[in-house]
Amino acid sequence: MKRGFFSLVGHYLVLCAIGLICIFPFWWTFVTAISTEGNIFAFPPTFWPKAPAFDNFVEAFRVIPIWAFFKNSILITFWTVFWKLLLCSLAAYPLARMRFRGRKLVFGLILATMVMPSEVNFLVNFITVTKLSLVDTYTGVILPNIITAVSILLLKQAFEEVPQDLIDAARVDGADEWTIFWRIVLPLIRPWLATVGILATVEAWNDYIWPFIVMSKPDEFPLSVGVLYLSGTYGSSTRVIAAGTVLTILPMLAVFLSTQRFFMRGMDGAVK
Amino acid sequence: MAALQLKNIVKHYDNGVPVIRGIDLEIADGEFVVFVGPSGCGKSTLLRMIAGLEKITGGELLIDGKLANHVPPAERALAMVFQSYALYPHMSVHENMAFALKLAGRKRAEIDAAVQKAAQILQIEHLLQRKPKDLSGGQRQRVAIGRAIVRKPSVFLFDEPLSNLDASLRVQMRVELSRLHQELKTTMIYVTHDQVEAMTLGDRIVVFNGGHIEQVGSPLELYNRPGNLFVAGFLGSPKMNFLAGEVVSADVEGVELELVGGTVLHAQVDGGALSSGAAVTLGIRAEHVALGTAGAPNSVPAKVGHVEHLGDVCIVYAQVADISEMLALKLAGGTLHKAGDDIAIHLPSEHCHVFDGAGKACSKK
């Protein structure tokens with residue numbers, strides 16, 4: 001009993017420590033953004049807001065065209081997530097549920113792309129995007145990000161978990177392969193689609209380097225690029241930049257908190 | 001309704017392992033046929049081949065006289081009820097039942113009427129708006145059957161549909177399936193490993209073993225005249241008693257055989273094909289074994305080993321000298337025998353079966 005208690009306390013201490021490490025950068029940014037007094041470069045630094053107020057946020061809205069950036073980010077994120085879910089599902093379904101020659105080879109090649117850091121692709125992707133005349137377009141920003149091995153891997157796993165009997169039942173009911181995919185299997189993997197969608201949303205929203213490479217007109221920048229790029233242009237203070245960064249994070253927090261229930265939902269009642 | 005013909009049906013998996021080894025079977029229009037056999041005998045695989053869910057490696061499947069080997073499942077006019085129910089969890093009961101008709105492009109009014117009628121038959125009208133997760137096992141099974149009914153199929157295929165239900169619900173559903181068959185008069189093929197389901201539901205039973213058919217016949221035919229040792233042992237609870245012996249004399253009128261312990265018994269079977277000295281197995285069902293008198297013809301002394309009181313009947317397991325396996329006797333309930341009692345067992349010759357060295361039964365007189 002005693003041993004169990006100490007073990008539990010130990011577990012919680014470790015989890016709290018990990019939580020603190022994760023939260024710390026966000027907290028420091030938030031403290032910087034909300035404080036209106038004190039030197040942010042002072043040592044030792046202070047981790048509690050001094051004279052908290054929303055002045056820095058007001059200033060951020062004044063000096064940075066946040067609403068425009070926000071709209072650009074939403075556009076890029078929405079289409080990235082939409083195409084990623086559609087195309088990765090379409091790629092994962094046959095790999096999971098169909099038997100065809102070369103299936104394992106195709107899957108192996110997709111997995112092989114995971115070993116390369118994304119930065120390695122920048123040059124090749126930029127050449128491709130240039131040749132396709134997609135520089136300075138959102139299509140150019142979105143295109144290289146809509147198919148990823150991780151998403152295919154996750155969705156393949158999801159499709160494999162759908163009971164074969166359901167697919168057989170649909171087949172006997174007269175469903176063709178597309179109907180099975182669209183009306184039976186895809187609705188059943190909604191929790192997985194939500195997971196991939198949330199991860200893709202965060203990734204697309206926070207993407208910084210690739211949009212920065214492809215886009216050159218500042219008014220077309222997404223929020224992540226715009227806030228940092230324009231900080232120099234408008235000579236804003238670090239506190240205003242921190243406020244802008246907090247504003248960038250907030251929508252993601254909202255998305256994450258409102259959709260996390262989808263992570264855990266199962267397939268109750270499908271089969272015994 | 002439809003008749004089915006299976007001509008030398010063969011199934012090999014990709015690795016060459018054979019699972020179905022040449023099945024020849026004819027199923028008449030409106031017949032209720034039960035495929036029964038131990039796990040892994042190929043009965044479910046054959047059902048899936050009939051449904052079109054498994055490729056047929058060799059042979060011919062004819063549905064209403066038309067070759068159906070390569071016909072897609074939906075075009076075979078069959079409906080299948082799965083062991084796991086296989087209800088679409090994101091759809092309501094109504095949507096589950098209407099799905100096939102929607103795909104077939106039927107009008108909404110027609111679909112609603114068909115669903116209502118099936119729901120009425122199965123008494124699930126009050127469940128139509130629920131999702132499968134909100135239903136009990138028995139209700140899910142009814143919905144699965146309802147989904148099959150609405151399509152008005154020519155043949156119903158049932159793949160162990162009751163195996164996930166508890167004992168009392170299984171009995172209830174068994175009765176309902178029988179009623180359903182009488183009402184719809186549609187051809188039904190039912191796969192089970194439960195011999196009680198096989199005996200109670202089927203017009204004919206097909207006993208499978210190792211990918212081939214051991215015997216086909218009516219339930220009582222198979223029970224009373226099993227064609228071989230496997231069928232004799234598979235049907236019946238407790239299973240048929242088997243005693244190893246050696247032929248003393250045999251002719252078309254009967255077989256005289258000597259058990260391991262030296263006891264000589266007579267069986268009223270056609271022993272014309274047996275020769276003296278041949279190794280045989282004597283079989284007798286528990287309900288045919290009676291208490292007898294020591295020294296009387298066809299009687300052997302035994303010691304009671306274990307007694308099971310089931311209320312209406314009592315199963316007595318008795319040890320015969322020099323024979324390792326216990327013999328089961330089904331006696332009337334309330335018997336006073338207890339472990340350790342000395343008894344004499346009578347094996348009526350008219351109820352004795354004799355199986356030759358290859359396990360084939362000698363025909364009964």
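# Exercises on a two-chain model

The contact between the chains takes 20 residues from chain A and 24 residues from chain B, two residues being in contact if their C-beta atoms, placed from the backbone, lie within 7 Å. This is a predicted model, in which local features need pLDDT of at least 70 and side-chain atom pairs count only at pLDDT 80 or more, while totals for chains, interfaces and linings use all residues. Residues are numbered from 1 along each chain as its sequence is written, with chains lettered from A and ligands numbered from 1 in the order in which they are written.

## Exercise 1

Task: describe the side of chain A that touches chain B by helix and by residue class.

Solution. 
1. Helix H8 (164–173) and helix H9 (177–188) of chain A each supply at least two residues to this side. Helices (H or I, at least four residues) and strands (E, at least two) are DSSP runs, numbered from the N terminus.
2. H8(A) gives the most, with seven residues.
3. By class, this side of chain A has eleven nonpolar, three polar and six charged residues. Ala, Val, Leu, Ile, Met, Phe, Trp, Tyr, Cys and Pro count as nonpolar, Asp, Glu, Lys and Arg as charged, and the others, Gly among them, as polar.

## Exercise 2

Task: characterise the fold content and the domains of chain A.

Solution. 
1. Chain A has 14 helices and zero strands.
2. Its C-alpha atoms fill a box of roughly 70 × 70 × 30 Å along the principal axes.
3. Of the 272 residues in chain A, 32% are buried. A residue is buried if 20 or more other C-beta atoms lie within 10 Å of its own, exposed if 12 or fewer, and partly exposed in between; these C-beta atoms too are placed from the backbone.
4. Chain A is divided into domain 1 (2–53) and domain 2 (59–264), with bounds from an automatic or database domain assignment.
5. The C-alpha centres of domain 1 and domain 2 of chain A lie 30 Å apart.
6. Seven residues from domain 1 of chain A and seven residues from domain 2 of chain A make the contact between them.
7. The domain 1 side of this contact in chain A has four nonpolar, three polar and no charged residues.

## Exercise 3

Solution. 
1. Two strands pair if DSSP finds at least two bridges between them.
2. Seven bridges join strand E1 (residues 4–12) of chain B to E2(B), and B:Val10 stands opposite B:Arg21 in E2(B).

## Exercise 4

Task: explain why strand E7 of chain B is largely enclosed, and identify the strands that pair with E7(B).

Solution. 
1. Five of the five residues of strand E7 (residues 155–159) of chain B are buried, so E7(B) is largely enclosed by the rest of the structure.
2. One face of E7(B) carries B:Val155, B:Leu157 and B:Asp159, the other B:Phe156 and B:Phe158, and all are buried.
3. Four bridges join strand E6 (residues 78–81) of chain B to E7(B) in parallel; B:Ala79 stands opposite B:Phe156.
4. Five bridges join E7(B) to strand E8 (residues 187–192) of chain B, also running parallel; B:Leu157 stands opposite B:Ile189 in E8(B).
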